[in-house]
Amino acid sequence: MLENIKESTKYVASPELMNSVNIAMALQKPLLIKGEPGTGKTMLAEAIAESMNMELIIWNIKSTTKAQDGLYVYDAVQRLYDSQFGGEGVDDIKKYIKLGKLGEAFSRKEQVVLLIDEIDKADLEFPNDLLWELDKMEFYIPETRETVKAEKRPVVIITSNAEKELPDAFLRRCIFHFIEFPNAEKMYEIVHVHYPDIEQNLLDQAMAAFYMIRSIPDIQKKPSTSELLDWLQAMVLGGIKPERIEKDFPFIGTLLKKNQDIDAFKQSRRRGLHF
Amino acid sequence: MFIDFFFLLRERGLKVSLNEWMALTDALNRGLGQSSLTAFYYLCRAILIKTEADYDKFDLAFAEFFNGIKTPEEIPDEVWEWLDKELKEPSEAFEQALSRIQKYDFDELQKMLEERLKEQHSEHNGGGYWIGTGGTSPFGHGGYNPAGIRIGGESRHRSAVQVAGERNFRDFREDNTLDIRNFQMAFRKLRQFSSRNDGPKTELDIDATIKETSDNAGMLNLVFDRPRKNTVKVLLLFDSAGSMSIYSRLCSQLFQAAYQSNHFKDLQVFYFHNCFYQELFTDPSCRRSSSIDTNWILRNLSSEYKVIIVGDGTMAPSELLRTGGASYRVSYNPEPGIVWLKRVKDHFTHTVWLNPIKKGNWDYVYGSQTLSLIRQIYPMYELTLEGLDGAIKKLLVNR
């Protein structure tokens, strides 16, 4: 049972999130985390691993990732080369089997934290292909007639940006948690964890500006926690005086990444939006 | 245990499966409920609910089922400490405190609150009568009264029913109207891959080729497979009559989403004014110069086109039922509109009608007579994310 996340990890978790983490660990089911970009979905796994002193194995999912990649890859071509040019140990198929991230997590002696990051990036069928493996925490390698089975079931954290809907069969096997965007109070806490001695005046001004920008309806990509932290750091390093924030919004590019968003922001400034 | 709650959730449209219910029972047996209703609420939500879009439905169902249940967590820790001590030495302070706190039922409370609001003219914190913070008055916040009304502020002793009652996730409900991205996501589901069973094998299967070749000791062995392509063709028909103008934003979002969804094999868009007749239009203004013979469209678009009609379906009955009943903008129609509606429906195998009017109002809205006639011909869905999802599912399965 994880009581709270260690302070050294610089991660501020809500009690509800901690609750979900504990439920997932007790039931030994994968924890599926959804939420706006920048609410710290990926950082959660790092924080859990550090707090529990476990190794973290990250499997980054891309649009081309296949379920098989996570289990193992059989390098038939290398074996062919070796057999043609007289390499040693060609008989040993095991030499040409490379475990993927999932396979790695299953084969560790100690319990590990496995992060499957942005599972929605992959093909629609991807989560379905992993049902058995995540349920049983084992898979079979036909080439070597071996079964890779986890001795200690890894803590599995899965993140999704909701680009695709995940199949029901997959969802049924997960514990689900939606990370809400932090309110101002929580945000102060988060900022203080990262920059303990930031000037209060600067922070107040920046926070007001930040939530004002988020409230502009025309902005498509709303700035998130990580962008706020970058912005604050930029202003601290640049020695910006708090008064300047309201006047000319320095380093706005760290908050707004799209040209249209910067235009929309300027427009609403012209219309006289204040904070 | 709580099996009625399970059925209530399903009744409220939450797809809770028996598996998940068993997992919940398992979790409760392990003591994860921590014998408190709030912990139980989060436990249920984490295990049973798999999308934030359903959080609101869950909150409502939870509040409905557990409303009125008093839980120990509504009593602050201090009181529990007093209670623990009580066996040895009954605390005078506690008894006094308890006798001061009167219990009221809710109606009584509301009446009293109104009266108190009339009486009170200034801020008041602490104490047991006035509205304010702290104290044991039944009104205000930050204080303690087991049956009071909280006015603003953060409750220090939040109960699960209150958390659920706050409905923080209302915005995520899928029956809200939506933006273009949501539409696009829905349109993405509208795809049908050509099956791997038919068609020529023209695509090189690289992985299989490499494996076969290696197994074949390096002699090249090419493996081919059938390509998979989206075969969906879409015909969009928009009503651009005056009554639709209040929904123009919604409709243009739908249009853009469809237009930007580049996975359709073909997308055709036409416009009509209230109802189809012998002519459709390539331009929303429905001018004669942009008219196209409806029969020509039926001849040239094969029946496999999936048809999405967007319109409110409300008009004067004559526009639907009479020859020559078409509005002045359109030329004289020798056949009534309803004949054309049926003709289009019969030509295509998959058709749906999206209506921007809220479903609950379909029977009462002005023009409900024509609307219900059209509903007899076309499967009609509300133009919301949920409605569009339903419509797209309808388009994917055969009639």
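In what order do the five strands of the open sheet in chain A stand, and with what pairing? The order is 2-5-8-1-9, with parallel pairing. The structure is a predicted model, in which local features need pLDDT of at least 70, side-chain atom pairs count only at pLDDT 80 or more, and totals for chains, interfaces and linings use all residues. Residues are numbered from 1 along each chain as its sequence is written, while chains are lettered from A and ligands numbered from 1 in the order in which they are written.

Helices (H or I, at least four residues) and strands (E, at least two) are DSSP runs, numbered from the N terminus, and two strands pair if DSSP finds at least two bridges between them. Strand 2 (55-60) and strand 9 of chain A form the edges; each has a single partner strand, so one side of each lacks a neighbour in the sheet. On average, neighbouring strands are turned by 20° against each other, direction ignored. Further in, strand 1 (residues 31-35) and strand 8 (residues 155-160) of chain A pair in the parallel sense over four bridges. A:Lys34 has A:Ser160 in strand 8 of chain A as its bridge partner. Helix 1 of chain A packs on this sheet and touches strand 1, strand 8 and strand 9 of chain A. The direction of helix 1 makes about 165° with that of strand 9 of chain A, where axes are lines fitted to C-alpha atoms, for helices over the stretch in contact, and angles run from 0 to 180 degrees between N-to-C directions.

Chain A as a whole has 13 helices and nine strands. Of its 275 residues, 31% are buried; a residue is buried if 20 or more other C-beta atoms lie within 10 Å of its own, exposed if 12 or fewer, and partly exposed in between, with C-beta atoms placed from the backbone. Two residues are in contact if their C-beta atoms, placed from the backbone, lie within 7 Å. Among contacts in chain A between residues at least 6 apart in sequence, 77% join residues at least 24 apart. A single residue gives an example. A:Ala184 lies in helix 9 (residues 184-194) of chain A, and counts as exposed because it has 11 C-beta neighbours inside 10 Å. Setting aside neighbours within four places in sequence, A:Ala184 is in contact with A:Met207 and A:Tyr211. A:Met207 is 23 residues from A:Ala184 along the chain, and the C-alpha atoms of the two are separated by 7.6 Å.

Chain B has 16 helices and twelve strands, and buried residues make up 29% of its 399 residues. Of the contacts in chain B with a separation of 6 or more, 64% are between residues 24 or more positions apart. Strand 6 (residues 233-239) of chain B has six of its seven residues buried, so it is largely enclosed by the rest of the structure. Strand 6 pairs with strand 7 (residues 266-272) of chain B in the parallel sense over seven bridges, and B:Lys233 stands opposite B:Asp266 in strand 7 of chain B.

The two chains meet in a contact that takes 20 residues from chain A and 23 residues from chain B. On the chain A side, the elements that give two or more residues are helix 1 (15-27), helix 4 (76-84), helix 8 (168-171) and strand 9 (175-179). Helix 1 of chain A supplies the largest share of that side, six residues. The residues on this side divide into eleven nonpolar, four polar and five charged; here Ala, Val, Leu, Ile, Met, Phe, Trp, Tyr, Cys and Pro count as nonpolar, Asp, Glu, Lys and Arg as charged, and the others, Gly among them, as polar.

Helix 1 of chain A also meets a helix of the partner chain. Its axis and that of helix 2 (residues 18-29) of chain B come within 10 Å and cross at roughly 95°. The two helices are therefore roughly perpendicular to each other, a term for angles of 65 to 115 degrees. In this crossing, A:Ile23, A:Ala26 and A:Leu27 meet B:Ala23, B:Asp26 and B:Ala27.

The predictor gives the complex an ipTM of 0.79 and a pTM of 0.62. For chain B the mean pLDDT (the predictor's confidence in each residue, from 0 to 100) is 75, and 67% of residues reach 70 or more.

Methods
Angles under 35 degrees count as roughly parallel, over 145 as roughly antiparallel, 65 to 115 as roughly perpendicular and the rest as oblique.
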